There are 2 protein chains.
Amino acid sequence: LIAKDNLISVAVDLMGGDNAPREILLGALSAAKNGVSLLLCGDKSIIQALLDECCPEWSTLSITLIDAPDRIKMEDEPVNAVMHGKNSSLVRAVQLVAQGRAQAIVSAGNSGALLVASTLYLGRVPGVLRPAIGGFLPGITGSAFCIDLGANVDCKVDYLEQFAYMGHLYVRTVCNVAQPRIGLISNGHEAYKGSALVKRLYKLLEGSGLCFVGNVEARDIFDDAADVLVCDGFVGNVMLKAAQGTVRTMLRLLEMEGKRSIVSRLVLGLSRPIVKKIKEKMDYARSGGALLLGVQHPVIVMHGSSRADAVVQAINFAVLVVHDQRVSQFNQMLAHFLASCKKDNVQTGLDHESELMV
Amino acid sequence: LIAKDNLISVAVDLMGGDNAPREILLGALSAAKNGVSLLLCGDKSIIQALLDECCPEWSTLSITLIDAPDRIKMEDEPVNAVMHGKNSSLVRAVQLVAQGRAQAIVSAGNSGALLVASTLYLGRVPGVLRPAIGGFLPGITGSAFCIDLGANVDCKVDYLEQFAYMGHLYVRTVCNVAQPRIGLISNGHEAYKGSALVKRLYKLLEGSGLCFVGNVEARDIFDDAADVLVCDGFVGNVMLKAAQGTVRTMLRLLEMEGKRSIVSRLVLGLSRPIVKKIKEKMDYARSGGALLLGVQHPVIVMHGSSRADAVVQAINFAVLVVHDQRVSQFNQMLAHFLASCKKDNVQTGLDHESELMV
């Protein structure tokens with residue numbers, strides 16, 4: 001239904017990610033078959049050949065090819081790559097949104113380069129110090145929104161303070177939670193725990209007017225310990241990837257144990273539907289990507305390892321985000337809120353408490 | 001066999017940890033029944049009553065009660081707690097080793113306080129800047145030794161460089177690996193990835209003479225990406241706990257999915273032996289504790305949430321460590337190595353390459 005909203009076009013970076021272009025294209029094709037209008041950025045000759053191979057009737061779909069012969073690789077240094085990559089699929093995809101030809105970008109490419117290109121071509125929301133990647137972590141009872149999942153590896157305390165406000169406003173906008181509980185990822189739940197940076201942030205958040213619930217251990221991130229989890233991009237990345245690695249390892253162990261005997265082979269066969277459900281629940285690669293918050297338009301950051309089904313989900317997520325105008329609403333609130341902060345003083349909290357309640 | 005080595009006594013902090021004193025005592029009793037000689041530190045009247053309740057014949061075991069009526073709590077600030085906790089079970093356990101009455105300490109208590117007390121009463125190995133917690137992460141093909149798992153949340157680059165050397169020497173001593181592969185936990189395997197601190201460390205390790213394999217993503221820590229994983233204590237703690245939380249969440253999901261229907265209930269029942277094996281493999285709480293490296297005697301750091309079976313394993317590990325003299329051998333090599341480093345220059349690598357080969 002939403003997908004058929006023919007005013008929405010999504011720009012897809014076809015050449016970014018470990019499985020590009022084939023898996024990205026296969027995902028894009030599925031989304032296009034569901035009626036999504038796409039601008040596919042990549043080397044035109046390669047993409048055309050692949051399209052002809054995978055879906056000979058592709059010209060009947062709402063697909064436009066944007067020739068972008070260059071490719072930013074995963075190992076390229078971001079700033080350099082963007083500066084010298086004006087004809088890359090990643091930069092072209094971002095430019096399409098800047099030009100108003102598309103309303104959102106989906107990329108599984110170099111996330112540092114995506115951050116740089118988005119900041120450069122789309123611009124930050126006024127007052128934002130650093131855009132950050134935010135995404136929901138799966139949980140049994142609830143999902144926590146974690147910010148930053150990897151955009152900013154070196155953070156000053158006021159970047160992190162802003163991430164907390166961004167998380168607060170995003171969860172309020174999207175989840176209709178009046179007072180999202182803000183937790184701080186630390187090496188223990190006790191108030192005295194944390195790096196020097198985390199301890200300073202703890203103090204700021206205590207006086208922020210946010211519903212601050214204190215430190216959260218990484219062990220409890222799936223247990224509804226908070227609605228928003230704040231951390232720097234280095235810690236967020238390590239936490240997310242440790243969880244991914246653990247899921248992968250446990251599924252492999254299950255597979256291995258299941259092969260030990262005829263009985264266990266049988267049991268494993270019978271348990272497949274159960275294992276499949278758990279896998280789906282915990283598989284971040286399928287969860288459709290995270291948002292780059294703090295830039296002027298929707299940017300969906302996918303895992304580098306994304307496959308076709310994750311791409312479909314990310315594109316659907318992009319359409320949803322454009323359709324429900326959550327990013328534009330969020331950006332408006334964020335700009336308004338930041339303008340109301342007299343940020344010359346770190347003790348901003350009590351002055352703009354009323355702002356947060358709006 | 002080893003356990004009956006009656007020259008070895010282990011000091012146990014009975015009052016430390018979330019499940020103290022009962023679970024710690026139950027674990028200690030099992031170990032004592034296997035012939036280990038123990039010095040149990042805690043409030044004598046409480047412990048005696050518990051002993052009489054749990055094991056009326058306890059006086060036939062090689063158990064000595066050390067009265068330490070005070071208790072350092074998990075939420076206490078470490079330095080203060082140690083300064084004012086001379087009669088605490090934790091400090092008394094450390095002192096017993098300093099006095100030569102025991103050869104190793106086992107504690108599930110406040111790990112910050114354990115670090116402070118160990119540094120204060122046992123002393124650092126000469127040249128060591130900061131003691132660090134090292135432990136093996138379970139893996140399918142191999143186990144990586146991760147250092148630091150939580151002792152030092154704020155690290156200078158030369159602390160981390162030393163952790164790499166400590167990991168190198170420990171794995172060489174214990175695992176008989178001539179050239180352990182040293183990996184650096186980062187937010188991507190690419191060389192340019194990392195926080196400012198990690199990037200500086202990367203450069204140092206490249207010129208270190210160690211077998212440096214570059215950055216390792218947290219996703220790959222169970223996949224034999226390196227023999228030694230280096231990170232600061234904040235990141236190590238978050239990584240380890242994210243993995244623990246994921247294991248716990250997946251097992252819960254399995255339990256929940258298994259209850260959805262009679263068929264899945266049956267399948268889950270049949271899968272129990274398989275699940276049990278995976279649980280054992282991935283359950284860090286059972287894995288017997290990690291070592292505080294860089295102090296003069298063996299200190300076994302357990303998870304705060306440890307239960308009796310983990311305590312047994314930690315005590316057995318303590319006995320093994322004393323018996324095979326790995327800590328004294330390691331300390332000797334470390335002191336020798338550090339003495340040979342002219343540490344006024346960060347480019348220490350090539351000068352002492354030969355040292356590392358000894």
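Predicted model: local features only at pLDDT ≥ 70, side-chain atom pairs only at ≥ 80, totals over all residues.

Analyst: Happy to. Residues are numbered from 1 along each chain as its sequence is written, chains are lettered from A and ligands numbered from 1 in the order in which they are written, and side-chain values use heavy atoms, with hydrogens and water left out.

User: What makes a space a cavity, and what makes a residue part of its lining?

Analyst: On a 1 Å grid over the protein atoms alone, a cavity is a set of points where a 1.4 Å probe fits but cannot get out, and lining residues have an atom within 4 Å of a point. The second largest cavity has a volume of about 80 Å³, the volume being the space filled by probe spheres set on the points, which are joined across faces, edges and corners. Its lining includes B:V267, B:L268 and A:S271.

User: How many residues of each class are in the lining of the largest cavity?

Analyst: Its lining has 10 nonpolar, no polar and no charged residues. Ala, Val, Leu, Ile, Met, Phe, Trp, Tyr, Cys and Pro count as nonpolar, Asp, Glu, Lys and Arg as charged, and the others, Gly among them, as polar. Among the lining residues are A:M250, A:I278, B:M250 and B:I278. The largest cavity has a volume of about 110 Å³.

User: Why is the pair of B:F145 and B:Y170 called stacked?

Analyst: Rings of Phe, Tyr and Trp (its six-membered ring) pair if their centres lie within 6.5 Å; planes under 30 degrees apart count as stacked, over 60 as edge-to-face and the rest as tilted. For B:F145 and B:Y170 the values are 4.7 Å centre to centre and 25° between the planes, so the pair is stacked.

User: What makes the pair of B:Y170 and B:F330 edge-to-face?

Analyst: The ring centres of B:Y170 and B:F330 are 5.8 Å apart and the planes stand at 80°, so this pair is edge-to-face.

User: How do you know whether B:F145 and B:Y170 are buried or exposed?

Analyst: Buried means under 20% relative accessible area, exposed over 50%, partly exposed in between (1.4 Å probe, protein chains only). B:F145 has 1%, so B:F145 is buried, and B:Y170, at 2%, counts as buried too.

Technical notes:
1 Å grid on protein atoms, 1.4 Å probe; cavity = no way out; pocket = protein on both sides within 12 Å on 5 of 7 lines; lining within 4 Å.
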